[in-house]
Amino acid sequence: VSKSLNFTTKSPEVQGIDDKNYKSEDSSMKDFTLNKLKTAESSLVLKGDKVSGSVLVLKITNYDQLNAHSNSSLEKIIQSLKGHHAVIDKRNNYIFFLFVPQITKTYKNEILAARAGVEFLDELNAFNKKFKQKIMFNLAASSGEMVVSKTKDKIKYTSLGNLMPVVKKMSDSASTKLIINEGIRKKLLRDLKVEKYKTLGEKQTFSVISVKDREANEQKLKDLLKRM
């Protein structure tokens with residue numbers, strides 16, 4: 001795991017929107033991936049479970065140019081994905097988040113990837129509005145089959161078909177958007193508000209505008225029916 005995947009143990013107090021004058025109250029760092037997010041490793045898995053999972057890719061296009069404050073903020077956003085039960089596989093400026101049944105304890109991993117992607121979108125856009133240095137990013141999510149082996153501290157996986165090359169290509173095509181493929185769109189028709197984006201090869205992709213709160217809408221409907 002890259003040395004950049006670290007975060008401060010204390011919340012920094014931002015002195016102003018000029019990140020050049022940013023000061024942290026604590027410069028101590030620790031590797032959060034070891035105890036906050038489980039890691040994943042792409043390898044040839046001969047003994048494992050064949051499952052359907054989802055992959056969210058975060059590509060930081062100016063990763064090598066990020067200053068200390070931008071890097072620290074990015075790391076905290078990544079660490080916040082702990083609640084989504086993702087496992088992380090970092091490769092240079094690409095960060096892959098895998099949502100697999102062995103970790104999430106559900107087969108409905110498309111919605112987890114979509115929600116996490118929208119959270120990333122909101123957090124990174126909020127950061128870019130506040131600070132001078134922008135985190136230039138692309139986001140993409142897809143789903144497909146993979147063979148997964150789980151150990152105590154790590155997930156090893158082999159993606160089947162063209163799952164990983166395609167989702168990586170999708171992230172290359174985007175710009176500060178969350179892009180999903182047709183497969184996720186069809187499974188989440190009632191959950192996502194999307195618009196057509198680019199066609200990659202012969203496949204249509206979609207830009208996610210928002211995730212609908214189905215549970216809240218269903219509760220409102222129940223409350224309305226009670227009053228009738």
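I began with a term I needed: a residue is buried when its relative accessible area is under 20%. The model I am reading is predicted, and I kept that in mind throughout.

**Entry 1: strand β7**

I looked up strand β7, residues 137-150, and found that eleven of its 14 residues are buried, so the strand is largely enclosed by the rest of the structure. Which strands pair with β7, and in which sense? I noted that β4, residues 49-60, is joined to β7 by twelve bridges and runs antiparallel to it, while β8, residues 154-159, also pairs with β7 in the antiparallel sense, over five bridges. Strand β9, residues 178-180, runs parallel to β7 and is joined to it by three bridges.

I then followed single residues across these pairings. L139 in β7 stands opposite L58, and in β9 the bridge partner of L139 is L178. Further along, I found M146 bridged to S159 in β8.

**Entry 2: aromatic rings**

How many aromatic pairs does the structure hold? I noted three. In one of them, the ring centres of Y94 and F96 lie 6.4 Å apart with the planes at 25°, and because planes under 30 degrees apart count as stacked, this pair is stacked. Y94 is buried at a relative accessible area of 12%, and F96 is buried at 2%.

F97 and F120 form another pair, which is tilted, with 5.3 Å from centre to centre and 45° between the planes. I noted that this pair links distant parts of the chain, since F97 lies in strand β6 and F120 in helix α3, 23 residues apart. Both F97 and F120 are buried.

**Entry 3: charges over rings**

The charged end of R91 sits over the ring of F96, 4.5 Å from its centre, and that of R185 sits over the ring of F206, 4.7 Å from its centre.

Conventions. Residues numbered from 1 in each chain as written. Predicted model: local features only at pLDDT ≥ 70, side-chain atom pairs only at ≥ 80, totals over all residues. Heavy atoms only, no water. Buried < 20%, exposed > 50% of the residue type's maximum accessible area, 1.4 Å probe, protein only. Helix = DSSP H or I, 4+ residues; strand = E, 2+ residues; numbered from the N terminus. Pairing = 2+ DSSP bridges. Phe/Tyr/Trp six-rings, centres within 6.5 Å; stacked < 30°, edge-to-face > 60°. Lys NZ or Arg CZ within 6 Å of the ring centre and 35° of its normal.
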